[in-house]
Amino acid sequence: MTTSDTHRTIEAVWRIESAKVIAGLTRITGDVGLAEDLAQDALVAALERWPESGVPDNPGAWLMATAKHRAIDLFRRGKLLERKHAEVGHELRAREESPEWELDAAIDDPVGDDLLGLIFTTCHPVLSTHARVALTLRLLGGLTIEEIARAFLVPEPTVAQRIVRAKRTLRAARVPFEIPRGAELATRLSSVLDVLYLIFNEGYSATAGDDWVRPALCEDALRLGRVLAELAPADPEVHGLVALMEIQASRLKARVGPAGEPILLLDQDRGRWDQLLIRRGLAALERAEALAGALGPFSLQAAIAACHARARTAEETDWTRITALYDALTQLTQSPVVELNRAVAYSMAFGPAAGLEIADPLTSEPALAGYHLLPSVRGDFLAKLGRWGEARAEFERAATLTRNARERTLLLERAAACPRGP
């Protein structure tokens, strides 16, 4: 394996393992910022050693062990001792045991689900909603500042500042690493659901990189969502989000072709959809509907996904019902992205001109100025209306805006397929 191959492997390993390592270190140190620094130190060590020694059989355990030794070194030098003494100082003095032993025992003694503990720590009310989501996407989702900025439709410096300030705030407030219970669980659940949804979406349709999907992110979000449903069984939106993720995840294998190329929803082989996940999703949606007087945003989106899941073919999709669900969702969220999705539904139910009528006003929406799906969707409507030159220009513009290589190729292919005039 060449050095460049090893570096690509390390990058892939980091995407998969970093959240678990940071979560475990946060539980141990009680400091999110310090935990991320320790994990980054382990990553640097991997970049230095693995090209010569080879990638270990269990790279996640190697990263954790390396970070653990780094933490012990800091502990010995007293940089971590003061923090640890604040929590266990009296017990240590009484037992006359060393800080190194205490830290080592904490590392080897997992407490609950570290990833779930981390997500509730980073979604603590002491942080603003934007800061909670950005920090959790960074630490649990492994997203870069650029990817988070695109998910939020905000400038990169804004996201970077939110993350730095969030870590400082958590440290200053001495936020405990824990899964809340009772009333506190309910107050912190909404932002956790938002975070899980964004993490899942990044896995379902990657904003950047060479891959169209990143299934590991979907799996992490879905697993945490299922655990949340057990923690808050009476909350309809928890079940709504789980339903949405189950149904969406059922399509993952059908979303890419043999060479990794994107396959859009209406072109997918529905025989490849995972029927077990669909059944789980529909059951979760039933629970949400039974608990809710009126469906919330996640339950409405799950109901939309269910319309697709129930249709044996693309032609059997109940687009009229989907438009009604999007009308309700738009009223709840006032989101320009939801409005764009509503335009797609209207185009399928009532024709491309109806979709274009909804999408055109969105071109003056500041939040969508750099959003590649707006010109992509408009290009599709224009192509169906035979306005080929305008459609080509929209597809080409969308290709310049996306950071995902697979998606860029697809958009350029669609632009090239538009006939040119005489």
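A residue counts as buried under 20% relative accessible area, as exposed over 50%, and as partly exposed in between, with a 1.4 Å probe and protein chains only. At 7% relative accessibility, Glu-36 therefore counts as buried. The structure is a predicted model, in which local features need pLDDT of at least 70, side-chain atom pairs count only at pLDDT 80 or more, and totals for chains, interfaces and linings use all residues. Residues are numbered from 1 along each chain as its sequence is written, and side-chain values use heavy atoms, with hydrogens and water left out.

**Overall fold and confidence**

- The protein has 20 helices and two strands; these are DSSP runs, numbered from the N terminus, with helices being H or I of at least four residues and strands being E of at least two.
- Of its 422 residues, 51% count as buried.
- Contact means heavy atoms within 4.5 Å. Among contacts between residues at least 6 apart in sequence, 65% join residues at least 24 apart.
- The mean pLDDT (the predictor's confidence in each residue, from 0 to 100) is 87, and 89% of residues reach 70 or more.
- Over residues 88-112 the pLDDT is below 50, and in the model this stretch has 32 contacts beyond near neighbours in sequence.

**Helix H2**

- Helix H2 spans residues 32-53 and contains Glu-36.
- Leaving out residues up to four places away in sequence, Glu-36 touches Ile-22, Arg-138, Leu-139 and Lys-167.
- Asp-41 also has its place in H2, and at 32% relative accessibility Asp-41 counts as partly exposed.
- Between Asp-41 and Thr-66 there are 25 residues of sequence separation and a C-alpha to C-alpha distance of 8.3 Å.
- Ala-45 is another residue of H2; with a relative accessible area of 7%, Ala-45 is buried.
- Not counting residues up to four places away in sequence, Ala-45 touches Trp-62 and Thr-66.
- Leu-63 is 18 residues from Ala-45 along the chain, and their C-alpha atoms are separated by 8.6 Å.

**Leu-135 in helix H7**

- Leu-135 is part of helix H7, residues 129-139.
- Its relative accessible area is 0%, so Leu-135 is buried.
- Apart from neighbours within four places in sequence, Leu-135 is in contact with Thr-122, Leu-127, Ile-163, Ala-166, Lys-167 and Leu-170.
- Ile-148 is 13 residues from Leu-135 in sequence, and the two are 9.4 Å apart in space, C-alpha to C-alpha.

**Packing of H10 and H12**

- Helix H10 (residues 182-204) packs against helix H12 (residues 236-249) at an angle of about 5°, with the axes 11 Å apart.
- H10 is therefore roughly parallel to H12.
- Axes are lines fitted to C-alpha atoms, for helices over the stretch in contact, and angles run from 0 to 180 degrees between N-to-C directions. Angles under 35 degrees count as roughly parallel, over 145 as roughly antiparallel, 65 to 115 as roughly perpendicular and the rest as oblique.
- H10 contributes Leu-189, Leu-193, Leu-196, Tyr-197, Phe-200 and Tyr-204 to the contact, and H12 contributes Glu-237, Val-238, Leu-241, Leu-244, Met-245, Gln-248 and Ala-249.
- The residues of this contact divide into 11 nonpolar, one polar and one charged; Ala, Val, Leu, Ile, Met, Phe, Trp, Tyr, Cys and Pro count as nonpolar, Asp, Glu, Lys and Arg as charged, and the others, Gly among them, as polar.

**Loop residues with positive phi**

- Most residues other than glycine have a negative phi.
- Arg-174 is not a glycine, yet has a positive phi of about 50°.
- Arg-174 is found in the loop between helix H9 (156-173) and H10, and is exposed, with a relative accessible area of 63%.
- Gln-334, also a residue other than glycine, has a positive phi near 55°.
- Gln-334 lies in the loop between helix H15 (319-333) and H16; at 57% relative accessibility, Gln-334 counts as exposed.

**Ala-349 in helix H16**

- Ala-349 lies in helix H16, residues 336-350, and counts as partly exposed at 27% relative accessibility.
- With residues up to four places away in sequence not counted, Ala-349 touches Trp-319, Thr-320 and Thr-323.
- Ala-349 and Thr-323 are 26 residues apart in sequence, with 7.5 Å between their C-alpha atoms.
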